[in-house]
Amino acid sequence: MSKGKVYLIGAGPGDPGLLTLKGRECLERADVVIYDYLANPVLLALAPQGTEQIYVGKTRGKHSIPQDEINQLLVDRAGQGKQVTRLKGGDPYIFGRGGEEAAFLRRHGIPFEVIPGVTAGFAAAAYAGIPLTHRDVTTSLAMLTGHERPDRSLSSLDWDKLANGIGTLIFYMGMTNLKLICSELIRHGRPAETPVAVVQWATLPRQRTLVGTLETISEAVVKNGIEPPAVIIIGEVVRYREELRWYDNLPLFGRCFLLTRPREQADSFARQLQQQGAETICIPTIEIAPPEDWQPLDNALQQLDTFDSLILTSANGVDSLFTRLSVQQLDVRSLAGIQIVAVGSKTAQAIEQHGVRPDLIPQDFRAEGILEALLAQGVDGKRFLYPRAEVVRPLLMESISAAGGTVIAPVAYRTIRPAKGEEMIRHLLGSKEIDAICFSSSSTFDNLQAMLGDDLHSLLADTKLFSIGPLTSATIRKHGCDVALEPETSTLDDLVTAMVGYYLKPNN
Ligand code: SAH
């Protein structure tokens with residue numbers, strides 16, 4: 001059997017966007033991923049489905065898997081001919097025991113590559129607004145561990161040189177010894193008023209940064225409850241933060257939103273919120289399922305040439321349509337000559353992805369808007385195919401029929417309540433970690449209501465509800481809840497903009 005290979009990859013400090021392109025490529029073709037506590041587990045989604053994922057995380061003071069077992073695991077899996085991705089927080093060769101793992105692999109004749117990562121100290125500085133070197137105040141930098149091996153104490157550090165010979169100091173794993181670090185530096189001549197920043201969970205929306213001096217910081221850390229993981233940055237450069245901070249100034253920084261749409265559809269929404277500094281948690285309250293019976297849609301597709309118009313109102317409907325065409329050995333050519341009406345820009349995009357350009361995109365996304373656009377061009381004697389969700393308002397179908405048109409409306413998908421998620425939602429709402437919940441359709445709220453039952457009002461008491469548009473808002477209000485925000489146009493892009501505006505207001 002051909003030998004496998006191990007890739008020691010730096011996962012970066014937390015923000016998934018800080019993984020290198022080369023690291024990403026390795027993850028994408030991994031057979032096995034072995035990952036640590038500080039490597040963001042979100043990155044695992046880049047590995048192919050079915051990849052073996054092994055957590056060997058260490059939490060402070062507790063090694064869940066001893067280092068020699070990790071070493072052996074790497075050798076074993078690579079020995080089975082596998083491509084092994086060893087994903088380590090930050091950079092593998094900065095306080096990451098990457099050197100020990102690589103040496104073990106070399107001794108066992110296993111080929112390896114090392115792909116550097118953005119180390120926590122550099123990332124923390126960047127995201128806290130601290131240039132680590134600045135020609136006006138310092139030209140040198142040291143990275144240190146504040147947590148030495150048990151057989152050596154911190155006193156083995158050359159405090160005299162550190163205090164007087166180097167400008168900026170970054171301590172990793174230094175929180176337990178923070179007081180000692182500061183007092184040693186002062187004792188060896190560093191001014192007590194030297195600024196210090198402690199950055200916890202750097203680059204993630206839960207990042208917290210505390211600034212003090214060598215004299216004050218250790219007390220402030222206790223008072224503010226800042227715990228590991230955190231890096232400590234010491235030196236005059238810390239003063240630049242006041243002018244250069246940018247991350248924790250973002251409009252949605254520190255806010256946490258619960259997104260309730262299906263995961264695939266929540267992705268770009270989540271990304272937009274994250275770009276504004278927010279943390280997002282996606283627990284869908286709806287799931288898209290196939291209709292109980294495909295026959296009605298399949299029958300309609302067999303007679304496509306009898307229709308004048310095809311009305312598509314969601315990306316799910318578009319997906320079903322093209323999937324069933326393909327199942328029946330048909331393709332887009334069967335749509336030739338049919339007018340295609342797309343409701344909403346996302347639906348239009350979904351259609352265009354299949355190489356088909358919609359003919360009509362009504363401005364108003366609701367059934368009323370579609371109807372107005374269709375009536376304007378005349379419906380009498382025309383046949384409409386409307387592959388729809390299982391539950392829809394009857395307005396469109398009834399009004400077209402009343403005006404002399406024929407609507408064939410087979411069910412193309414159903415929205416169902418997911419089996420999972422209820423417990424997690426209850427826990428999150430109960431722990432008051434969520435600032436607001438975003439609803440993108442009536443069913444996302446209806447299902448939440450069904451999940452929470454009698455506890456709905458008590459669990460939502462401190463959580464804001466954001467709605468995509470008037471119909472969703474009406475559903476929320478029908479259950480006696482308040483809608484804190486509804487954008488002027490019913491798109492997710494507009495909801496993001498409205499959320500930013502909302503939190504820029506002083507009392508929100
Ligand atoms: N190889 C890693 C360091 C591992 S040692 C790297 O290059 O970043 C673990 C220490 O790294 C933690 O105790 C903490 O000091 C620091 N650390 C890692 N991730 C961090 C983060 N997101 N925010 C702040 N400190 C972090």
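Residues are numbered from 1 along each chain as its sequence is written. In this predicted model, local features need pLDDT of at least 70 and side-chain atom pairs count only at pLDDT 80 or more, while totals for chains, interfaces and linings use all residues; side-chain values use heavy atoms, with hydrogens and water left out.

The ligand is surrounded by 17 residues (a heavy atom within 4 Å). The closest are Ile94, Thr119, Ala120, Ala202 and Ala230. By class, this shell holds 13 nonpolar, three polar and one charged residues. Nonpolar covers Ala, Val, Leu, Ile, Met, Phe, Trp, Tyr, Cys and Pro; Asp, Glu, Lys and Arg are charged; the others, Gly among them, are polar. Domain 1 (5-118) and domain 2 (122-249) both contribute residues to the shell, so the ligand lies between them. The domain bounds come from an automatic or database assignment.

A polar side-chain atom of Thr119 lies 2.6 Å from a ligand oxygen. For Ala230, a polar backbone atom is 2.8 Å from an oxygen of the ligand. Taken alone, the ligand exposes 540 Å², and the protein buries 91% of that (Shrake-Rupley method, 1.4 Å probe).

Thr168 belongs to strand S9 (residues 168-172; a DSSP run of E, at least two residues). Thr168 counts as buried because its relative accessibility is 0%, the cut-off being under 20% with a 1.4 Å probe and protein chains only. Leaving aside neighbours within four places in sequence, Thr168 has contacts (heavy atoms within 4.5 Å) with residues including Leu132, Thr138, Ile233 and Val237.

Methods
Helices (H or I, at least four residues) and strands (E, at least two) are DSSP runs, numbered from the N terminus. Buried means under 20% relative accessible area, exposed over 50%, partly exposed in between (1.4 Å probe, protein chains only). A polar contact is a pair of N or O atoms within 3.5 Å; within protein, one must be able to donate a hydrogen and the other to accept it, and residues adjacent in sequence count only if both atoms are side-chain atoms.
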